[in-house]
Amino acid sequence: MMRRFVLSALCAFGMCSAAVAQQQTNSASGAVLRGLDKFSGRVVDIELPAGSTVRFERLNITLTECRYPAGNPSGNAYAGLQISEIGRTGAVFSGWMIASAPALSAMEHARYDVWVMRCTTS
(Lines give C-alpha, C1' and ligand atoms only; values in the text may rest on other atoms or scores of the structure.)
Protein backbone atom coordinates (compact mmCIF):
# COMPACT_ATOMS: atom_id res chain seq x y z
CA MET A 1 0.00 0.00 0.00
CA MET A 2 2.69 2.49 1.02
CA ARG A 3 4.88 1.48 -1.92
CA ARG A 4 2.02 2.17 -4.34
CA PHE A 5 1.54 5.61 -2.78
CA VAL A 6 5.24 6.43 -3.10
CA LEU A 7 5.30 5.29 -6.75
CA SER A 8 2.21 7.38 -7.50
CA ALA A 9 3.79 10.42 -5.88
CA LEU A 10 7.02 9.96 -7.85
CA CYS A 11 5.10 9.61 -11.10
CA ALA A 12 3.09 12.73 -10.31
CA PHE A 13 6.30 14.61 -9.53
CA GLY A 14 7.86 13.45 -12.78
CA MET A 15 4.89 14.66 -14.79
CA CYS A 16 4.83 17.93 -12.86
CA SER A 17 8.52 18.62 -13.41
CA ALA A 18 8.18 18.06 -17.18
CA ALA A 19 5.36 20.61 -17.34
CA VAL A 20 7.34 23.07 -15.23
CA ALA A 21 10.42 22.68 -17.44
CA GLN A 22 8.41 23.82 -20.47
CA GLN A 23 6.82 26.82 -18.76
CA GLN A 24 8.36 30.29 -19.21
CA THR A 25 9.10 31.98 -15.88
CA ASN A 26 10.31 35.33 -14.59
CA SER A 27 12.48 36.03 -11.57
CA ALA A 28 10.90 37.96 -8.71
CA SER A 29 12.52 40.39 -6.31
CA GLY A 30 11.48 38.34 -3.28
CA ALA A 31 8.97 35.95 -1.75
CA VAL A 32 6.44 35.50 1.02
CA LEU A 33 6.89 32.33 3.04
CA ARG A 34 4.82 30.97 5.91
CA GLY A 35 6.44 29.50 9.00
CA LEU A 36 4.77 27.27 11.59
CA ASP A 37 6.05 26.33 15.03
CA LYS A 38 4.27 22.99 15.54
CA PHE A 39 4.73 23.07 19.32
CA SER A 40 3.23 26.49 20.02
CA GLY A 41 0.94 26.68 16.98
CA ARG A 42 2.44 30.08 16.09
CA VAL A 43 2.13 30.95 12.39
CA VAL A 44 4.17 33.77 10.84
CA ASP A 45 4.27 35.19 7.32
CA ILE A 46 7.86 35.97 6.33
CA GLU A 47 8.62 38.42 3.52
CA LEU A 48 12.19 38.51 2.29
CA PRO A 49 14.08 39.75 -0.76
CA ALA A 50 15.98 37.35 -2.99
CA GLY A 51 19.52 36.75 -1.77
CA SER A 52 18.74 37.59 1.85
CA THR A 53 18.51 35.55 5.04
CA VAL A 54 15.91 35.86 7.80
CA ARG A 55 15.63 34.14 11.16
CA PHE A 56 12.45 32.30 12.10
CA GLU A 57 12.63 30.85 15.61
CA ARG A 58 15.75 28.61 15.45
CA LEU A 59 15.88 28.52 11.65
CA ASN A 60 17.93 30.65 9.27
CA ILE A 61 16.09 30.86 5.93
CA THR A 62 17.87 32.09 2.80
CA LEU A 63 15.90 32.82 -0.36
CA THR A 64 18.15 32.22 -3.36
CA GLU A 65 15.50 32.89 -6.00
CA CYS A 66 11.74 33.09 -6.54
CA ARG A 67 10.24 32.42 -9.96
CA TYR A 68 6.68 32.75 -11.26
CA PRO A 69 4.90 32.07 -14.59
CA ALA A 70 5.72 34.74 -17.21
CA GLY A 71 3.02 37.40 -17.30
CA ASN A 72 1.33 36.09 -14.13
CA PRO A 73 3.04 37.38 -10.95
CA SER A 74 0.19 36.05 -8.80
CA GLY A 75 0.61 32.57 -10.33
CA ASN A 76 2.35 29.56 -8.91
CA ALA A 77 5.61 30.42 -7.11
CA TYR A 78 8.81 28.36 -7.15
CA ALA A 79 11.29 29.38 -4.44
CA GLY A 80 14.89 28.25 -4.08
CA LEU A 81 15.60 27.99 -0.36
CA GLN A 82 18.48 27.12 1.95
CA ILE A 83 17.30 26.45 5.52
CA SER A 84 19.58 25.66 8.44
CA GLU A 85 18.98 25.27 12.15
CA ILE A 86 21.01 27.22 14.69
CA GLY A 87 23.33 24.91 16.60
CA ARG A 88 23.26 22.12 13.97
CA THR A 89 25.63 21.58 11.08
CA GLY A 90 24.36 21.17 7.55
CA ALA A 91 21.15 22.25 5.90
CA VAL A 92 17.71 21.22 7.12
CA PHE A 93 16.43 21.94 3.61
CA SER A 94 18.14 22.88 0.37
CA GLY A 95 16.24 23.06 -2.90
CA TRP A 96 13.09 24.33 -4.56
CA MET A 97 9.68 24.56 -2.91
CA ILE A 98 6.55 24.87 -5.04
CA ALA A 99 3.65 26.93 -3.69
CA SER A 100 0.91 24.86 -5.33
CA ALA A 101 2.40 21.51 -4.21
CA PRO A 102 4.28 21.98 -0.91
CA ALA A 103 4.39 18.24 -0.19
CA LEU A 104 6.42 17.48 -3.33
CA SER A 105 9.52 19.09 -1.88
CA ALA A 106 8.92 19.68 1.81
CA MET A 107 11.24 20.48 4.69
CA GLU A 108 11.41 17.55 7.11
CA HIS A 109 11.65 18.91 10.65
CA ALA A 110 10.12 17.75 13.93
CA ARG A 111 9.23 21.24 15.18
CA TYR A 112 9.00 23.66 12.23
CA ASP A 113 7.27 23.86 8.87
CA VAL A 114 8.10 26.40 6.18
CA TRP A 115 6.33 26.72 2.85
CA VAL A 116 6.08 29.19 -0.05
CA MET A 117 3.03 31.43 -0.41
CA ARG A 118 3.95 33.64 -3.39
CA CYS A 119 6.64 35.70 -5.08
CA THR A 120 6.85 39.48 -4.62
CA THR A 121 7.61 41.75 -7.56
CA SER A 122 8.11 45.12 -5.93
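What you have open is a predicted model, so local features need pLDDT of at least 70 and side-chain atom pairs pLDDT 80 or more, while totals for chains, interfaces and linings use all residues. Residues are numbered from 1 along each chain as its sequence is written, and side-chain values use heavy atoms, leaving out hydrogens and water.

Next, switch to a cartoon view. You'll find one helix and eight strands, with helices being DSSP runs (H or I) of at least four residues and strands runs (E) of at least two, numbered from the N terminus. Follow the chain from that end and the order is α-β-β-β-β-β-β-β-β.

Contacts come next (heavy atoms within 4.5 Å). Among those with a separation of 6 or more, 46% join residues 24 or more positions apart.

Last stop: which aromatic rings pair up? Searching the whole structure turns up one aromatic pair, meaning Phe, Tyr or Trp rings (six-membered ring for Trp) with centres within 6.5 Å. Select Phe56 and Tyr112: their ring centres are 5.8 Å apart and the planes sit at 70°, so this is an edge-to-face pair (over 60 degrees; under 30 is stacked, the rest tilted). Phe56 is in strand E4 (residues 53-56) and Tyr112 in strand E8 (residues 112-120), so the pair ties together parts 56 residues apart in sequence. Phe56 is buried at 3% relative accessible area, and Tyr112 is buried at 2%.

Technical notes:
Buried < 20%, exposed > 50% of the residue type's maximum accessible area, 1.4 Å probe, protein only.
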